[in-house]
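Please have the model open while I talk.

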Amino acid sequence: MDVYGLIGNPVGHSLSPPMHEAAYDTLGLNARYVTFEPAEDAVAAAVEGAGALGVAGLNVTVPFKQDVAALPSVATDDLASAVGAVNTLDFSGEQVTGHNTDVEGAVRALREQGDASLSGATAVVVGAGGAGRAVAFGLADAGASVRVANRTASRATDLAAAVEREVGGATATGGGLDALDGWLADADVLVNATSVGMESDETPVPASALHEGLVVLDAVYAPLETRLLRDAAAAGATTVDGAWMLLHQGAAAFEHWTGEDAPVDAMNAALRAHLD
Ligand code: ATR
């Protein structure tokens with residue numbers, strides 16, 4: 001039996017176990033997905049121990065993504081290194097490899113559910129924390145010109161500079177939330193990568209800045225129908241909810257681990273059975 005899992009703290013409410021086990025059931029794989037909560041200072045030992053025990057793959061979540069990216073025992077791919085965070089470890093090769101499928105999750109959700117073509121697009125990312133970093137690097141890597149708006153403007157300008165430095169040919173700019181109105185006027189894509197809207201009916205984006213032709217992804221998935229997505233739909237924009245990003249980061253992790261196409265419909269059904 002292949003063992004996969006998640007390390008984080010806390011992980012009790014994670015939706016990854018049902019999502020991944022639905023994939024194993026669908027494809028008839030003899031595998032299980034379990035959660036682990038190492039102490040905050042034990043992540044290196046946890047990763048080493050997982051390898052020694054023959055664990056096939058691990059997802060990594062808060063607060064360990066940055067710590068894992070810095071482990072010398074992990075060969076982190078270029079994009080995950082640039083983001084500075086790893087959320088997927090693959091133990092199948094001679095060396096443990098680290099990836100960041102949050103990056104692919106945002107890109108695939110926009111392409112597949114939002115029908116967005118990202119190459120040459122103008123994308124606005126709200127948020128410059130962990131999620132904002134993954135989304136900004138993913139969009140730039142996919143060929144979009146990126147504008148990062150954040151409550152703390154300096155974090156946005158720092159992130160934009162890092163994107164331009166690390167992603168060949170990228171253009172990125174950063175600023176405060178007051179830039180949103182002007183930036184959205186000619187934008188093709190908007191992603192909310194802040195926590196605003198989580199368990200609340202708030203939005204970080206003025207409704208008046210939303211327009212037809214915009215594809216809007218909200219990384220928040222609790223609730224699924226956020227105020228931002230309601231405003232976006234009312235403005236005639238295309239909406240993509242946060243469960244799609246969660247799904248596609250999981251599907252990308254599954255594909256790193258197994259080399260097979262993820263059964264996304266089954267994974268999506270399992271995920272949505274746990275969300276409203
Ligand atoms: P995550 O890993 O989920 O991105 P994080 O690193 O703590 O979490 O980042 C949270 C993001 O949400 C940040 O961009 C934060 O803005 P600051 O950098 O100014 O802190 C943003 N955020 C959180 N609460 C916010 C609020 N009430 N209004 C606007 N932005 C907010």
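Predicted model: local features only at pLDDT ≥ 70, side-chain atom pairs only at ≥ 80, totals over all residues.

On the helix 5 side the contact includes T101, D102, G105 and A109, while on the helix 10 side W244, M245, H248 and A252 are among the residues involved. Sorted by class, this contact holds seven nonpolar, six polar and five charged residues.

Let me turn to a second pair of helices. Helix 6 (residues 130-141) and helix 7 (residues 153-166) have axes that come within 10 Å and cross at roughly 40 degrees, and here, too, the crossing is right-handed. G132, R133, A136, F137 and A140 of helix 6 meet L159, A162, V163 and E166 of helix 7, and these residues divide into six nonpolar, one polar and two charged.

Now to the rings. Which residues do the ring pairs link into a cluster? They are Y4, Y24, Y33, F254 and W257, and a search of the whole structure finds four aromatic pairs. One of them is formed by Y33 and W257, a tilted pair with 6.5 Å centre to centre and 45 degrees between the planes. Y33 lies in strand 2 (residues 31-36) and W257 in helix 10, so this pair ties together parts that are 224 residues apart in sequence. Both Y33 and W257 are buried.

Terms used:
Residues numbered from 1 in each chain as written. Heavy atoms only, no water. Contact = heavy atoms within 4.5 Å. Helix = DSSP H or I, 4+ residues; strand = E, 2+ residues; numbered from the N terminus. Nonpolar A, V, L, I, M, F, W, Y, C, P; charged D, E, K, R; others polar. Axes fitted to C-alpha atoms, helices over the stretch in contact; angles between N-to-C directions. Left-handed = near helix turned anticlockwise from the far one by under 90°. Phe/Tyr/Trp six-rings, centres within 6.5 Å; stacked < 30°, edge-to-face > 60°. Buried < 20%, exposed > 50% of the residue type's maximum accessible area, 1.4 Å probe, protein only.
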